[in-house]
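Thank you all for coming; I would like to take a few minutes to walk through one model with you.

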Amino acid sequence: PTQQPTQNGQQYLFQIGVWLENYLIQLFILWPPTGTSTPPLLGDRLDSVERETILAALKDHRYNKTATARTLGLTLRALRYRMQKLGID
């Protein structure tokens, strides 16, 4: 994973990128968020990115969980756990 802060006036842009096989997961966070004083919930954003990545991989493999797990570098058991945690049926 990489994290590169860039200052833009009073805000910082953080870019985090992770490769999982053929899938690049990128997360951009502007800190502090415009018009808010509370920090972004990183866990919620990561869950959203992970959910989208798993759904895209499932679609690419015609919802074959074994092939999807292999592509994402996960065991079938780990994929099932993450799907359950993220509410993916």
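**Starting from one arginine**

R82 counts as partly exposed because its relative accessibility is 31%, where buried means under 20% relative accessible area, exposed means over 50%, and partly exposed is what lies in between, using a 1.4 Å probe and protein chains only. What you see is a predicted model, in which local features need a pLDDT of at least 70 and side-chain atom pairs count only at pLDDT 80 or more, while totals for chains, interfaces and linings use all residues. Residues are numbered from 1 along each chain as its sequence is written, and side-chain values use heavy atoms, with hydrogens and water left out.

R82 lies in helix α3, which covers residues 76-86; helices here are DSSP runs of H or I with at least four residues, strands are runs of E with at least two, and both are numbered from the N terminus. If we leave aside its neighbours within four places in sequence, R82 is in contact with E50, I54 and L74, contact meaning heavy atoms within 4.5 Å. The C-alpha atoms of R82 and D47 are separated by 9.5 Å, although the two residues are 35 apart along the chain.

Let us follow one of those contacts back. E50 is found in helix α1, and it counts as buried because its relative accessibility is 17%. Not counting residues up to four places away in sequence, E50 touches R82, K85 and L86.

**The whole chain**

How many helices and strands does the protein have? The secondary structure comes to three helices and four strands, and from the N terminus on the elements run β-β-β-β-α-α-α. Of the 89 residues in the protein, 26% are buried. Among contacts between residues at least 6 apart in sequence, 28% join residues at least 24 apart.

A word on confidence, which is given by pLDDT, the predictor's confidence in each residue on a scale from 0 to 100. The mean pLDDT of the protein is 78, and 73% of its residues reach 70 or more. Over residues 1-7, however, the pLDDT is below 50, and in the model this stretch has 18 contacts beyond near neighbours in sequence.

**Around L72 and T53**

L72 has its place in helix α2, and it counts as buried because its relative accessibility is 4%. Leaving out residues up to four places away in sequence, L72 touches L20, E21, Y23, T53, I54, A57 and L79. One of these, L20, is 52 residues from L72 in sequence and 5.6 Å away in space, C-alpha to C-alpha.

T53, another of those partners, sits in helix α1, residues 42-60, and with 12% relative accessibility it counts as buried. Apart from neighbours within four places in sequence, T53 is in contact with Y23, I25 and L72.

Most residues other than glycine have a negative phi. R62, which is not a glycine, has a positive phi of about 50°; it is placed in the loop between α1 and α2 (65-72) and counts as exposed at 76% relative accessibility. Y63 is found in the loop between α1 and α2 as well, with a positive phi near 65°, and it is exposed, with a relative accessible area of 55%.

**The largest pocket**

I will finish with the largest pocket, in which about 280 Å³ of space lies. Of the 15 residues that line it, the closest to its centre are L20, I25, L46, V49 and E50. The elements giving two or more residues to the lining are β3 (11-20), β4 (23-31) and α1, and α1 gives the most, with six residues. On a 1 Å grid over the protein atoms alone, a cavity is a set of points where a 1.4 Å probe fits but cannot get out, and a pocket is an open set with protein on both sides within 12 Å along at least five of seven lines, with lining residues having an atom within 4 Å of a point. Grid points are joined across faces, edges and corners, and the volume is the space filled by probe spheres set on the points.
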